[in-house]
Amino acid sequence: MAFGLDRRGVLAGALALAACDRRAGAQAAPVDLPPLRTLAQFAIGAAVQAAQLDDPDLGPLIAAQASQLTAEWEMKMEYILQDDGAYRFDAGDRIAAFARANGQRLFGHTLVWFDQRPAAFVALDESRISFEAAYRNYIAAVVGRYRDIAVGWDVVNEAVGEQGEGLRKSLWSDKLGDIKHMVIAFQAARQADPAAILFLNDYNLESLPAKRKAFLKLAEQLLAEGAPLGGLGTQSHLTADLARGAYGAHLRDLASLGLPIHVSELDVSQTRAPLHLIDPGGVRAAQSRLYAEVAEAFSALPAPQRFGLTLWGLRDKDSWLRRENAADAPCLFDDQGRPKPAAGAFANGLR
Ligand code: XIL
């Protein structure tokens, strides 16, 4: 099948459906689409939970569409580190095995996150082991466990203040220092896996230029302090009303440091923004347009800087945003796992 013809077919179909879709209240009809992982020249990631891999509908969709997996939460401290300090790797191991079986890369998420204050660290008996040693041990154990398959890690997640005002305070910064706890984490991860690309990851970088500036400043500071920072992750939990051109401008800005870029948690909410001003078909059209813009802007980066683009869930019904608002439909695939017009638009944006 000729790739060019196929893509034109996809485009025509997606446009026709998008046109029908403008009727208020209309359901977005699915489109025919080759698997995304076969269309992109870089990794297409998906966030997954171990149990989803054994779901007879969802497992095959994940295997077919994605060439890289991120654990949605089961490789975070909240899952791995139990109250008594013991580690729990069953879910991460299941995800790693699925990735191996399906020729997919594994991406590690996440080692250090201000959001997590595990009891094992809060109640650490520092007469037996120092906080820093326990922190290094955790990172060494988790990164070491997956060193054969993980291509990269989100070492530090969401370190910049909500609006870009300085750095967040956390258990980790209180005990080990604002910058120092990050430098230690990057160094410990590097020791445990010399080959993995080590990322700083954050959100709202496309919508808040001040936060993006603070994020880039932090990246430069970490490099100056000797942290083996190897890539920048931009979560990209977007809202369908993001201004045209803003996404591409943000990617070009992030790429200015020359590091690989990971679009690490992409979804496009239909309900998080004040979109009640336009009809439902218009919201879906805006979502499709933005998905296309993300794919185009990422494809336009220099090849060595295209680490990968990860979808934070494939089907609408599995999305974390559904739990926030039952009416949201932020993903590329509908509840039945069929590609939405947004998936056609996204596919056309991939070069
Ligand atoms: C979310 C998951 O999707 C949820 O299932 C979980 O309950 C909470 O975390 N930024 C991140 C991700 O870095 O880890 C978050 O994932 C979404 C926001």
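**Group meeting: a walk through one chain**

Okay, let's start with contacts, meaning heavy atoms within 4.5 Å: of those in the protein chain with a separation of 6 or more, 76% are between residues 24 or more positions apart. Before I go on, this is a predicted model, where local features need pLDDT of at least 70 and side-chain atom pairs count only at pLDDT 80 or more, while totals for chains, interfaces and linings use all residues. Residues are numbered from 1 along each chain as its sequence is written, and side-chain values use heavy atoms, with hydrogens and water left out.

So what's in the chain? You'll find 14 helices and nine strands; these are DSSP runs, numbered from the N terminus, with helices being H or I of at least four residues and strands E of at least two. Along its principal axes, the C-alpha trace spans about 70 × 40 × 35 Å. Of the 351 residues, 58% count as buried, that is, under 20% relative accessible area, with exposed being over 50% and partly exposed in between, using a 1.4 Å probe and protein chains only.

Now take a look at helix 3, residues 58–65. Six of its eight residues are buried, so the rest of the structure largely encloses it. Those six are Leu58, Gly59, Leu61, Ile62, Ala63 and Gln65. And what do they pack against? Their partners are helix 2 (36–39), strand 1 (43–48), strand 2 (68–71) and helix 5 (90–101).

Going from histidine 109 to threonine 110, the peptide bond is cis, with omega near -5 degrees, and threonine 110 sits in strand 3.

Asparagine 204 has phi near 60 degrees, in the loop between strand 5 (197–202) and helix 10 (209–224). With a relative accessible area of 22%, asparagine 204 is partly exposed. Serine 236 has phi of about 70 degrees, in the loop joining strand 6 (231–234) and strand 7 (237–239). Buried or exposed, this serine 236? Buried, at 0% relative accessibility.

Last stop, the largest pocket. It's lined by 17 residues, and Trp113, Glu158, His237, Glu265 and Trp320 lie nearest its centre. For the term, on a 1 Å grid over the protein atoms alone, a pocket is an open set of points where a 1.4 Å probe fits, with protein on both sides within 12 Å along at least five of seven lines, and lining residues have an atom within 4 Å of a point. Strand 3 (105–113) and helix 13 (320–324) each give the lining at least two residues.
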